[in-house]
Structures are given as C-alpha cells and as structure tokens.
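Thanks for coming. I have one structure to show today, and I will keep to what can be read from the coordinates.

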Amino acid sequence: MVTLKQLDSQLSSSTTSQSHLSSLNAPIEGLFLIDDFISEREEFELINSIDLCEWSGNGIPPNPEMKRRTQHYGYEFSYRYRKVVQNLGKLPTFLDFLIKRFIEKKIIQPIEEEYPNMCIINEYQVGQGIMPHTDSPEMFGPVILSLSILSSCLITFTHIQDSTNQSIILLKPRSLLIMTKSSRFDYKHSISKDAVEYYNGEEIKRNRRVSLTFRTIMEFNENDENMGKGGCKFNNNNVQYKLTK
Ligand SMILES: O=C(O)CCC(=O)C(=O)O
C-alpha cells in the first residue's frame, strides 16, 4: 500500500521530481506535479489515437452545448445536468499504458478494481479555458489525475473559503498533475481563456492543448433515486486509491 506520505517522500527524494516540486510556486497540501510523465513519442501516439475518435461538443452530442470539445470514456458526464449519466464500459486500450505507469510510479495500487474508471479528454483551442470548479466529492474519488499534452498553460487553485489564497501552477505538455487531499477538496481549479500568459516573467503562448483527466466512480446506478447526483455515489469506506491512511 502506498500512503500519501510515501508518495510525498518518493516524489521529493527522486532527483528528477525535486525540480517538479520546486516548480510549484506555492505548494498546496496534496498537490503533485510530475513533468515528463510521458515521452514525446507517447504524446504523439496518444494525440493520434485521440483524434481518431469522435469529439463531442460544439454542436455534436453528447454535450452539444459545450464550446470546448471533449471525449468521455468509462462514464459519460453531462455538463448540463452536472452529473454522470451513462456507464460506457471499459476505458479504451490506448489509455492502458497510462494506467500501467500510474501503477509503476506507485500513484495507484495494482488492483484492477481500483484503477481509474473514467477519463474525460478536454480540448482547449486558443481562447478556451475552464471555469473555477471543484470536482464533486460525492461523485468522484479522492484522487484526480490530469495529464497535459501539446501545449503549456497555467492552472489556478483558489481556496473555496478564501479567494485571496491562490496558487498558480505551470502545466507543461506531458506533465501529470495529481490532485489529492486539500488541493482536491478545498480548492477550485481553473484555466483562463488567455491566449498569452506569464509565469515567472516568462511568456507562455497557448496553443491547442489537450488534457486527460482520470477519475474514479465507485458505484453507478442511474435508476436508484437514493444515490448521489446522477445516480453515482462515492463510498468513502471503499476508497479506490490507498494514498491516504
Ligand atoms: O484541463 C485540465 O487540466 C483540467 C480539466 C478539469 O479540471 C476538468 O475536466 O474538470
């Protein structure tokens, strides 16, 4: 079992990860960033596989009202109803190597039933972002993993109870953001629509960016009225990721 503490020390003791952690200009409890989580070749193959699949949004169902294009795997999320509406089955095989790497890097446990079972792929064209939000604690498990590809951008974490408590993190292509604990539950995260951003005096020109966000849904029953929003329920007694004791 990998505890969050072990992951913490693992990330901070490896030579490469020190630079990842120092890139967090104002670290938040439970927030980790791993640069170069995948290689350029893997990024290339990944975007090719993604672009061979159908994008929704921009008039195309499901979620036709969304300007940003998305692909939903494992479960379909409705942005209009703010809930998970359909079980779509297993994640596609082109994501297998990522799940394998989450295990190798001890980010998740090697127990199949405990792997992330939902992945939303978001496409951000220049001028597109995402509003401040916290991923629903009722719907999704305690660990959110988000892989960035193609372009850098800044992600802002704003404390729910104190909007002056903000941290801005640079997400480089091929980096993996791990949101757990306070960063996952006590903060909203957002990405601006700005075509150009500035980070430590450096100009970040935004291009097409794609992110793959992995989440865990513990139970889903669209017909059960007693379940949480959207018929899915996160059961804290049965946490999939054993990152915390
Ligand atoms: O694009 C990202 O890195 C974040 C995606 C996100 O926050 C979401 O899908 O809820």
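Strands here are DSSP runs of type E, at least two residues long, numbered from the N terminus. This is a predicted model, so keep that in mind throughout. With that naming, strand S14 covers residues 209–215 and includes Arg 215. I will come back to that arginine.

First, the overall picture. The protein chain has five helices and 16 strands. Of its 245 residues, 32% are buried. If you take contacts between residues at least 6 apart in sequence, 70% of them join residues at least 24 apart.

Now the sheet. An open sheet of six strands runs in the order S1-S10-S7-S14-S5-S2, and the pairing is antiparallel. Which strands stand at the edges? Strand S1 (31–34) and strand S2 (69–73) do; each has a single partner strand, so one side of each is left without a neighbour in the sheet. From one strand to the next, the twist averages 15°. Helix H3, residues 40–52, packs on this sheet and touches S2, S5, S7 and S14. The direction of H3 makes about 100° with that of S7.

At the S2 end, S2 and S5 run antiparallel and are joined by five bridges.

Next, S7. Is S7 mostly covered or mostly open? Mostly covered: six of its six residues are buried. Ile 144, Ser 146 and Ser 148 point one way from the strand, while Leu 145, Leu 147 and Ile 149 point the other way. S7 pairs with strand S10, residues 176–179, in the antiparallel sense over four bridges, and there Ile 144 stands opposite Met 179. S7 is also joined to S14 by five bridges, again antiparallel. In that pairing, Leu 147 stands opposite Leu 212.

In soluble globular proteins, nonpolar side chains tend to be buried together. In this model the largest nonpolar core has 46 residues, and those touching the most other members are Cys 119, Leu 145, Leu 176, Ile 178 and Ile 217. Leaving aside neighbours within four places in sequence, Leu 145 is in contact with Phe 102, Ile 107, Pro 116, Leu 176, Ile 178 and Phe 214.

On to the ligand. Which residues are around the ligand? They are Ile 120, Asn 122, Ile 130, Asp 135, Ser 146, Ser 148, His 189, Ile 191, Ser 211 and Thr 213. The elements giving two or more residues to this shell are strand S5 (118–124), strand S7 (144–149), strand S11 (187–191) and S14. By type, the shell divides into three nonpolar, six polar and one charged.

Finally, back to Arg 215 in S14. Why does Arg 215 count as buried? The cut-off is 20 or more other C-beta atoms within 10 Å, and Arg 215 is buried because it has 24 within that distance. Apart from neighbours within four places in sequence, Arg 215 is in contact with Pro 116, Met 118, Asp 135, Phe 140, Gly 141 and Ile 144. Tyr 75 is 140 residues from Arg 215 in sequence, yet the C-alpha to C-alpha distance is 9.8 Å.

That is what I have.

Definitions and conventions:
Residues numbered from 1 in each chain as written. Predicted model: local features only at pLDDT ≥ 70, side-chain atom pairs only at ≥ 80, totals over all residues. Buried ≥ 20, exposed ≤ 12 C-beta atoms within 10 Å, placed from the backbone. Contact = placed C-beta atoms within 7 Å. Near = placed C-beta within 6 Å. Nonpolar A, V, L, I, M, F, W, Y, C, P; charged D, E, K, R; others polar. Core = buried A, V, L, I, M, F, W, Y, C linked by C-beta atoms within 7 Å. Pairing = 2+ DSSP bridges. Axes fitted to C-alpha atoms, helices over the stretch in contact; angles between N-to-C directions.
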